[in-house]
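Please take a look at the protein shown here. A short report follows.

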Amino acid sequence: MKPVRVFYEKKDTAKYISHLDINRCFQRAIRRAEVAIWYTEGFNPHAYITFALPLSLGYESEYETMDMRLLDEDMPLDEVMARLNRALPAGLRVWKAAMPSDKPDAIAWSDYRVLMAPEGEAAQETAQKFRAFLERESIPAKKRTKRGEREIDLRPYVQLLSLACTPEGVQAELRLAAGSEMNVNPTLVLDCFCAACGTKFDHVQVTRTAVWNKKGENFA
């Protein structure tokens with residue numbers, strides 16, 4: 001068996017496919033593509049595929065990963081990619097297949113492009129308020145975990161990479177803590193901003209653009 005990591009994007013209407021359905025979608029695509037992978041053993045065998053960092057419903061992404069174990073070790077990885085792309089639905093596209101370098105617990109950060117369309121105020125005003133908010137010494141927030149809600153300070157886990165006004169509103173590039181140790185959702189940041197500054201949005205568009213390991217390298 002050969003471990004393979006598939007890198008793919010999730011865009012347009014595919015952003016409304018839940019993580020559970022993405023799993024099912026890839027299982028069906030793998031069967032249709034006739035890519036032989038390892039199945040779990042036991043009473044109810046199923047395709048052994050894993051996703052390192054599940055994406056929130058409604059988000060788009062340019063950097064998603066799925067791991068599987070290829071039975072045909074001689075199949076070129078470019079062929080795996082081509083077969084999957086012929087079988088996947090619109091909005092899901094594999095852009096790379098490679099041998100994995102990092103384990104999922106190496107993930108430390110994710111980058112997001114966030115387009116905010118403010119309601120009732122100029123984009124320039126929203127941008128100034130958003131920058132000032134992220135520069136606060138402390139950003140208290142209530143984060144939901146498997147053990148319930150807990151108070152955290154978001155400030156160490158949020159980096160503002162860029163901020164600009166566009167015809168559509170305000171575009172921010174954010175780097176947020178991600179992975180098993182601390183995972184910050186862009187929606188949590190925006191909810192805290194709105195509550196603290198009184199801003200409302202007509203709509204928000206979020207796209208994950210990169211995933212980084214603890215060494216500051218692309219998760220690969």
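Is strand 9 largely enclosed by the rest of the structure or exposed, and why? Strand 9 is largely enclosed, because 7 of its 9 residues are buried. Keep in mind that this is a predicted model.

Strand 9 pairs with strand 5 in an antiparallel fashion, through 8 bridges. On that side, M116 stands opposite V170 of strand 9. Strand 8 is also antiparallel to strand 9, and 8 bridges join the two. Here Q159 stands opposite R175 of strand 9. Strands 8 and 9 form a hairpin, with 2 residues between them.

## Two nonpolar cores

The largest nonpolar core has 29 residues. Within it, M116, F130, L134 and L154 touch the most other members. Six names cover the elements that give two or more residues to this core: strand 5 (107-118), helix 3 (123-134), strand 8 (158-166), strand 9 (169-177), helix 4 (186-197) and strand 10 (201-213). In soluble globular proteins, nonpolar side chains tend to be buried together.

F130 shows how these parts meet. Setting aside neighbours within four places in sequence, F130 contacts M116, L160, L163, A172, L174, L190 and F193. Another core lies apart from the largest one. It has 27 residues, including F26, A47, M68 and A97.

## A buried loop residue

T40 sits in the loop between helix 1 (19-32) and strand 2 (49-50). Is T40 buried or exposed? T40 is buried, because its relative accessible area is 15%, and the cut-off for buried is under 20%. Not counting residues up to four places away in sequence, T40 touches P45, H46 and Y48.

## The whole protein

The protein has 4 helices and 10 strands. Along the sequence they follow the pattern β-α-β-β-α-β-β-α-β-β-β-β-α-β. The C-alpha trace spans about 55 × 35 × 30 Å along its principal axes.

How many of the residues count as buried? Of the 220 residues, 45% do. Consider contacts with a separation of 6 or more: residues 24 or more positions apart account for 73% of them.

The accessible surface comes to about 11,900 Å². Carbon and sulfur atoms hold 48% of that surface. The protein carries 31 positive and 31 negative charges. Their mean positions are 3 Å apart.

How values were computed
Residues numbered from 1 in each chain as written. Predicted model: local features only at pLDDT ≥ 70, side-chain atom pairs only at ≥ 80, totals over all residues. Heavy atoms only, no water. Buried < 20%, exposed > 50% of the residue type's maximum accessible area, 1.4 Å probe, protein only. Contact = heavy atoms within 4.5 Å. Core = buried A, V, L, I, M, F, W, Y, C linked by side-chain atoms within 4.5 Å. Areas by Shrake-Rupley, 256 points an atom, 1.4 Å probe, with all protein chains shown as cover. Lys, Arg positive; Asp, Glu negative; His and termini not counted. Charge placed at Lys NZ, Arg CZ, Asp CG, Glu CD. Pairing = 2+ DSSP bridges.
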